Every structure is written in C-alpha cells, then in structure tokens.
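Hello,

Here is the structure I promised to pass on to you. Have a look at it first, and then read on for what turned up.

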Amino acid sequence: MKPGAAMSDATRALHDYWHPVALASALGDAPVAATLLGEAIVLWRAGGQAVAFRDRCVHRGTKLSLGWVEAGAIVCPYHGWAFDATGACTRIPALAEGRAIPARARADRLHCEERYGLVFVCLGTPRRPLYDVPEFDDPAFRVHLLGPVPWRAGAARSLENFMDEAHLPWAHPGMLGNRDSAPPVITRDVEEEDGAFYFECASEVRNRFDPTKTTLNRLTYRIVLPFTIYHENIYPNGDRVIDLFFTTPVSETETVRYMVVGRNFGLDQPPDKLIAFTLKIWEQDRVIIESQSPVELPLDLHDELHVRGPDNPAILYRRMMQALLA
Ligand code: FES
Ligand SMILES: [Fe+2]
C-alpha cells in the first residue's frame, strides 16, 4: 500500500479512538493539514478553540487547508465559501442576494480536543475518553512534550517497540543497558484490563541529569489500545518520570510519535538533556523498526516467532488488537 493511501476496512475500528495529530502550538491563525488513518483533515482555530474538518470542500473537493481563517470561519480558496466551527456554510459569494445557502453545504466536522499541548482527533465516535494524567496539571511536576517524530512504520510496530524490554541493551548499549551484561528478561505477569493491559519490571536506570549514577527503578507500563502507553519510571527515593506515549496511525505504513513527559524532580532543570536522550534512543529504534518486514504488525501469532516470557506483552497486544479490529 502506498504511503498516505486510504486504510483498509480492517482498520475502520481505529476511527473510534482519539489520536494526536498536531502540536497545539502549531495551530495558529492559519489552517493546518494533517493525515490520520489515510484521511486528509484540516485543523484550525475558531475563537481559540481547535476545530477539525475533513479536508475537502463540499462544493468541488478542494482542500480547505489551502484556504484561510476569517471572522470565525474557514474560507475555501477556490470560490470563497466560508464554513463556521459547526461546519455550516455561512457564505457563498457567487449566490445572488436573497438566495438561500443549501442545507447540504456543510463541512464534515470531526471530534477534536486539545489536551497536554496536543490536538487530538477522532474520525468516528470516541469509545473512551482521552487518557487522564492528573500529574500533568500538578505544579509539583514539570511537563514537556516530545514530537512529532515521523517513522515509516506501522503504528502497532512502533507501539510494540516502546514496551519491548528485551531490546534495550541490544539496541541502546551504554544508554539503556549493556550487551555484555544483558540480563535475561524475567517472565512478566501481564494483567488484562478493559481495553488495556498492565505489567511492570525493575531496571537499572542511568540518571539522565548525572550519567555517573545508576539506580534500580520500578518501571510500569499500561498499554491502552490501540496506540497509547502510560509509563512510569519510579526511583527508589520517590522521584517519578511519567510518560504518556502516543504513536499515531497516519496510514498503514506511517506513524508519528508524540510523548508528554512529567517529572517531580529537577524542576529547575530545562528538559533539553532529557529530550536529547530520548530522541537519540528513538533514532536508534527507528532504523530497526523501519527495517521490519512486513511494515504492519502481523496480528496472527503464527506469522512471527514468540518466546513465552519476554514476549508476553507482545503476544497479548496482538491478541487484543485482533479482537479490537475484528
Ligand atoms: S471548491 Fe470550495 S468553494 Fe468551490
Ligand atoms: Fe528502544
């Protein structure tokens, strides 16, 4: 399948979930084009509020993202039709005065929410609310954003990479473990929840502000299907790093990663070092994940070889994704 092409019917179920499509800061006075699940969308602001439409004018199919925003409406660049935040057409310049605007002259409005500095869109009807992290609004935490980081890989491949413990010393030697002292991955108890699952492990973690120090940390992972991970890295002294990770399905072969990161220590430290560290890790991962074949995650467990224990989270993820898409 060509990048950017429409997704197959099998992925229709993904329309009913929230996916981040842009940084809120990228959404200013001008419309912004984005792609989600192979569908072109346009984002714009009406009175400060983020609005998402399908990026297609009902008149002649022009991309509304080529237009502009004027008096609380988005204006199509071809014949100047204007659409307000509800999607209603409020002006057709070529119509003689007194002629009514046809009721069918509407933009196709999508569910859109702004949170954590990201703009989320749902193409269908949201099955669950956005994942709530109260710490991100707590002044005891300093929060920063990562992304957008685009990968030529399926979103599910990207998600599995984030929760894959066994790859850490091999793909990230000297940063997240060492190849000559890579411990076996202990079998994880993976707890299934409603549309999610949870596991945790202990890991020797290098202090990212002071790389000479390491601590044995508790790492927790809550995978919220289809493409969200809530992850905590808890230090023995109670310091916490909280990650809310998203990998957006742009198409079946393209994904964009975003992560909201909060920490309750080093509040006076700028996040630059943490961001540089994570981006370096992600770049090491990108080369590997973009090499995987097939590009989309095979959900049939017979298609790849799993080892019970270390691959338990991946086995459950594939099973649950199969059920979600069925
Ligand atoms: S195509 Fe949009 S106004 Fe004509
Ligand atoms: Fe990695």
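You will find serine 251 in strand 16, which runs over residues 240-251. The side chain of serine 251 makes a polar contact of 2.8 Å with the side chain of glutamate 254. Please keep in mind throughout that this is a predicted model.

**Aromatic rings**

There are eight aromatic pairs in the structure. One of them joins tryptophan 44 and phenylalanine 53: the ring centres are 5.7 Å apart and the planes meet at 70 degrees, so this pair is edge-to-face. Tryptophan 44 is buried, and phenylalanine 53 is buried too.

Elsewhere, Phe162, Phe245 and Trp282 come together as one aromatic cluster. Tryptophan 282 also has a charge over its ring, as the charged end of arginine 257 sits there, 4.8 Å from the ring centre.

Phe162 also belongs to helix 1, so to speak of the helix: which of its residues are buried? They are Ala155, Ala156, Arg157, Ser158, Leu159, Glu160, Asn161, Phe162 and Met163. That is nine of the nine residues of helix 1 (residues 155-163), which is described as mostly covered.

**Histidine 231 and its surroundings**

Phe162 turns up again among the contacts of histidine 231. Leaving aside residues up to four places away in sequence, histidine 231 touches Phe162, Leu219, Thr220, Tyr221, Val241, Ile242 and Asp243. A polar atom of the histidine 231 side chain lies 2.9 Å from the backbone oxygen of threonine 220. Histidine 231 is located in strand 15 (residues 228-234), and with a relative accessible area of 7% it is buried.

**Alanine 82**

Alanine 82 belongs to strand 7 (residues 82-84). Its relative accessibility is 5%, so alanine 82 counts as buried. Beyond residues up to four places away in sequence, alanine 82 is in touch with Ala73, Ile74, Val75, Ala88, Cys89, Thr90 and Arg91. The C-alpha atom of alanine 82 is separated by 9.4 Å from that of alanine 107, although the two are 25 residues apart along the chain.

**Backbone points to check**

Most residues other than glycine have a negative phi, and most peptide bonds are trans. A few places here are worth a look with that in mind.

- The peptide bond from glycine 147 to proline 148 is cis, and its omega is near 5 degrees. Proline 148 is part of strand 11 (residues 142-151).
- The peptide bond from serine 293 to proline 294 is cis as well, with omega near -5 degrees. Proline 294 sits in the loop between helix 3 (272-291) and helix 4 (312-325).
- Alanine 71 has a positive phi, near 50 degrees, without being a glycine. Alanine 71 is in the loop between strand 5 (68-70) and strand 6 (73-75).
- Tyrosine 116, which is not a glycine either, has a positive phi of about 55 degrees. Tyrosine 116 lies in the loop between strand 9 (109-115) and strand 10 (118-122).

Which relative accessible area does alanine 71 have? The value is 85%, so alanine 71 is exposed. Tyrosine 116, in contrast, counts as buried at 14% relative accessibility.

Methods: Residues are numbered from 1 along each chain as its sequence is written. Chains are lettered from A and ligands numbered from 1 in the order in which they are written. This is a predicted model: local features need pLDDT of at least 70, side-chain atom pairs count only at pLDDT 80 or more; totals for chains, interfaces and linings use all residues. Side-chain values use heavy atoms; hydrogens and water are left out. Rings of Phe, Tyr and Trp (its six-membered ring) pair if their centres lie within 6.5 Å; planes under 30 degrees apart count as stacked, over 60 as edge-to-face and the rest as tilted. Buried means under 20% relative accessible area, exposed over 50%, partly exposed in between (1.4 Å probe, protein chains only). A charge sits over a ring if NZ of Lys or CZ of Arg is within 6 Å of the ring centre and within 35 degrees of the ring normal. Helices (H or I, at least four residues) and strands (E, at least two) are DSSP runs, numbered from the N terminus. A polar contact is a pair of N or O atoms within 3.5 Å; within protein, one must be able to donate a hydrogen and the other to accept it, and residues adjacent in sequence count only if both atoms are side-chain atoms. Contact means heavy atoms within 4.5 Å.
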